[in-house]
Amino acid sequence: MHKLAQKAYWKQFSPTPEFVVLFIPGENFFSAALVKNPQLIEEGVNKGVILATPTTLITLLKTVSFAWRQENVSENAKAICELGRELYTRLNSMAKHIDKLGRDIERCTGTYNDVIGSFERRVLTSARRFKDLGISLPGDKDIVRIESAEKKARKLDIDNSE
C-alpha cells in the first residue's frame with residue numbers, strides 16, 4: 001500500500017483520480033491483514049489508496065460506472081438546456097421576422113389597393129370616354145376589371161396554448 005501511494009498517480013493525470021485501488025485477490029487475505037492492522041483501511045484512505053477484494057472491487061466498479069452515467073446525464077441535461085435557450089432565442093427572432101413580414105404584406109396590400117383605386121378613378125374613367133365618343137378600341141373589348149386585394153395577413157399567435 002505504501003509503495004502504491006508513493007507512485008502518486010493522481011499527480012500524473014488531469015482530471016485526476018482521487019485515489020487508486022489496491023486489489024487483494026481474496027477476502028481471507030484482507031481479513032488477515034485487518035486482524036494484524038485494524039487501521040489499515042483508514043491508513044489507505046489517508047494515502048489515497050482504496051483496498052479492494054473481489055467483492056468490494058465489483059461494488060466499486062459498479063459505483064464508478066453509475067457515477068459516470070450520472071455525469072453523462074448531467075452533461076446532456078446541460079446541453080439540452082443550452083439548446084433550449086438557443087432555440088427559444090431563434091424562435092423569438094423568427095417570430096419578429098414573421099410579424100414584420102405580415103405588416104409588410106398588409107402595407108403592400110394597402111398600396112396595391114391604392115393603385116387600383118387611382119387606376120379606376122383617374123385612368124379608366126378617361127379610357128372609357130373613348131368608347132362613349134364612338135372610338136373603336138383594338139379588339140373592341142372592355143378593359144379587364146382588376147380586383148382589389150382585401151385579405152389581411154394572418155397574425156402569428158404565439159400566446160395560444162393549444
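In this predicted model, R103 is partly exposed, at 42% relative accessibility. The side chain of R103 meets that of D99 in a salt bridge, with 2.3 Å from N to O. D99 is also partly exposed, with a relative accessibility of 35%. The two residues are four positions apart in helix α4, so about one helical turn separates R103 from D99.

A second pair in this helix is D104 and R107. Their closest N and O atoms lie 3.9 Å apart, and the pair forms a salt bridge. This distance still counts because the cut-off for a salt bridge is 4 Å. D104 and R107 are three residues apart in helix α4, and about one helical turn lies between them. D104 is partly exposed, at 24% relative accessible area. R107 counts as exposed, at 51%. Shared partners extend the picture: salt bridges join K100, D104 and R107 into one network.

R85 and E82 form another salt bridge, at 3.8 Å from N to O. These residues are three positions apart in helix α4, so they too are separated by about one helical turn. R85 is exposed, with a relative accessibility of 51%. E82 is partly exposed, at 45%. The total for the model is five salt bridges.

Disulfides are absent, with a count of zero. C81 is partly exposed, at 36% relative accessibility. C108 is partly exposed as well, with a relative accessible area of 46%.

Helix α4 spans residues 54-132 and includes I98. I98 is partly exposed, with 39% relative accessible area. Together with M94, L156 and I158, I98 forms a nonpolar patch on the surface. The accessible area of this patch is about 400 Å² in total.

T109 is buried, with a relative accessible area of 16%. That value falls under the 20% limit, and T109 is therefore classed as buried. Beyond its neighbours within four places in sequence, T109 contacts A149 and K151.

K11 is exposed, at 69% relative accessibility. K11 and I146 are 135 residues apart in sequence. In space, their C-alpha atoms are 84 Å apart.

The overall fold can now be described. The protein contains four helices and two strands. Along the sequence, these elements follow the order α-β-α-α-β-α. The C-alpha atoms fill a box of roughly 130 × 30 × 30 Å along the principal axes. The radius of gyration is 42 Å, whereas a compact globule of 162 residues would have a value near 15 Å.

Buried residues make up 14% of the 162 residues. The accessible surface comes to about 13800 Å². Carbon and sulfur atoms account for 59% of that surface. Among contacts with a separation of 6 or more, 74% link residues 24 or more positions apart.

Terms used. Residues numbered from 1 in each chain as written. Predicted model: local features only at pLDDT ≥ 70, side-chain atom pairs only at ≥ 80, totals over all residues. Heavy atoms only, no water. Patch = residues over 30% accessible without salt bridge, like charges linked within 9 Å, V, L, I, M, F, W, Y side chains within 5 Å. Areas by Shrake-Rupley, 256 points an atom, 1.4 Å probe, with all protein chains shown as cover. Buried < 20%, exposed > 50% of the residue type's maximum accessible area, 1.4 Å probe, protein only. Rg over C-alpha atoms; globule rule 2.2 N^0.38 Å. Contact = heavy atoms within 4.5 Å. Disulfide = S-S within 2.5 Å.
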